[in-house]
Amino acid sequence: MRISILGGTGPEGRGLAVRLAMAGNAVCLGSRDETRAIDVAIELSSSVGIHVIGLDNAAAAKDADVIFLTVPYQAQSELLHSVKDDLAGKIIINVIAPMEFVKNVGAKALDVKAGSAAEECRDIVTDSKVVSAFQNVSAEDLENPDLELDEDVIVCSDDPEAKTLVMDLVKSIEHLRPIDGGGLSNSKYVEQITPLLVNINRIYKIHAGIKITGI
Ligand SMILES: NC(=O)c1ccc[n+]([C@@H]2O[C@H](COP(=O)([O-])OP(=O)(O)OC[C@H]3O[C@@H](n4cnc5c(N)ncnc54)[C@H](OP(=O)(O)O)[C@@H]3O)[C@@H](O)[C@H]2O)c1
């Protein structure tokens, strides 16, 4: 599968690139700056022993059928408007967990008018199929190819076919289990788990993920 990761030069994008490339996909990192994308792709390819390429975000969006979105929430709207035409008909996997860091409090979920980052995304790229997933998987764990992942990925979407494809993609990454999280309106609950995990990580000095029991 040809996959591009917009904002792929950050920790979460790099981590996903590692695992998706290890699972046999052709992966492209997108950036506002093509040179940065190429540099990070070369560095990641040589340090992990995979092959990923780098392009600017618009070219990366054109180049793929499945597009991950791994920019900070504050950057989502502007980025989506700038590449909207290149995303038409494609599957967008939204990994964004809107949060801020408050002094003496820690990570805190941001209120999103649309309900969630994924729903806001759906309202902008109306011709794309938006799926929400991977918000609860630590970038550090993803980027370490020797670390055995052991967690669940909740997948939400209003498009059943796109959801199935993304659940299969999750399954193709060793030791990740996809969980059907229902429609996109459930994404806000998944997104809001992430600041909780960040605060738990600080307390226990770990990279926590989630597991659903009883399935
Ligand atoms: N880090 C984690 O462990 C983790 C876990 C789960 C989910 N997430 C979610 O995944 C997303 C990415 O996380 P991250 O830690 O990788 O974030 P990040 O490092 O802050 O940002 C990722 C990339 O986004 C691009 N970017 C930054 N500001 C931008 C702007 N104003 N406009 C356009 N592009 C911009 C940058 O790429 P260029 O400068 O190269 O364009 C940057 O490398 C976030 O929404 C986060 O909530 C993160």
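This is a predicted model: local features need pLDDT of at least 70, side-chain atom pairs count only at pLDDT 80 or more; totals for chains, interfaces and linings use all residues.
**Entry 1: the whole protein**

Among contacts in the protein between residues at least 6 apart in sequence, what percentage join residues at least 24 apart? I looked it up, and the figure is 71%. Two residues are in contact here if their C-beta atoms, placed from the backbone, lie within 7 Å.

Residues are numbered from 1 along each chain as its sequence is written.

I found eight helices and 10 strands in the protein. These are DSSP runs numbered from the N terminus: helices are H or I with at least four residues, and strands are E with at least two.

Next I checked the overall size. The C-alpha trace spans about 40 × 40 × 35 Å along its principal axes. For 215 residues, a compact globule would have a radius of gyration near 17 Å, and the protein has 16 Å, which agrees. That radius is taken over C-alpha atoms, and the globule rule is 2.2 Å times the number of residues to the power 0.38.

I also looked up burial, and 45% of the 215 residues count as buried. A residue is buried if 20 or more other C-beta atoms lie within 10 Å of its own, exposed if 12 or fewer, and partly exposed in between, with C-beta atoms placed from the backbone.

**Entry 2**

I followed the strand pairs from β1. Two strands pair if DSSP finds at least two bridges between them. Strand β1 (residues 2-6) runs parallel to β4, and four bridges join them. One residue I looked up there is S4, whose bridge partner in β4 is I67.

β4 also pairs with β5 in the parallel sense, over four bridges. Here V66 stands opposite I91, and L69 has N94 as its bridge partner.

Which way do the side chains of β4 point? V66 and F68 point one way, I67 and L69 point the other way, and all are buried. In β5, I91 and I93 point one way and I92 and N94 the other, and again all are buried.

**Entry 3: the core**

I wanted to know which residues have the most contacts inside the largest nonpolar core. They are A17, L69, I92, I93 and V166, in a core of 58 residues. A nonpolar core is a set of buried Ala, Val, Leu, Ile, Met, Phe, Trp, Tyr and Cys residues joined through C-beta atoms within 7 Å.

Leaving out residues up to four places away in sequence, L69 touches L6, G7, Q76, I92, I93, N94, V95, I96 and C121.

**Entry 4: helix α5**

C121 took me on to α5. Six of the eight residues of this helix (residues 117-124) are buried, so it is largely enclosed by the rest of the structure. I listed the buried ones as A117, A118, E119, E120, C121 and R122. They pack against β4, α4, β5, β8 (129-132), β9 (151-157) and α8 (187-204).

**Entry 5: around the ligand**

Which residues come nearest to the ligand? Of the 24 residues around it, they are G7, G10, S31, A75 and A139. The elements that give two or more residues to this shell are α1 (11-22) and α4 (73-87). A residue is near a molecule if its C-beta atom, placed from the backbone, lies within 6 Å of it.

By class, I noted 11 nonpolar, nine polar and four charged residues in the shell. Ala, Val, Leu, Ile, Met, Phe, Trp, Tyr, Cys and Pro count as nonpolar, Asp, Glu, Lys and Arg as charged, and the others, Gly among them, as polar.

**Entry 6: a hairpin and two positive phi angles**

β6 (99-102) and β7 (106-109) run antiparallel, joined by four bridges. They form a hairpin with three residues between them, and F101 stands opposite A107 in β7.

N104 counts as exposed because it has 4 C-beta neighbours inside 10 Å.

H175 is not a glycine either, and has a positive phi of about 70°. H175 lies in the loop between α7 (160-171) and β10 (176-180), and counts as exposed with 9 C-beta neighbours inside 10 Å.

**Entry 7: apart in sequence**

I ended with two pairs. K171, in helix α7, is 148 residues from A23 in sequence and 9.6 Å from it in space, C-alpha to C-alpha. T35, in helix α2 (residues 34-48), is 21 residues from D56 in sequence and 8.1 Å from it in space, C-alpha to C-alpha.
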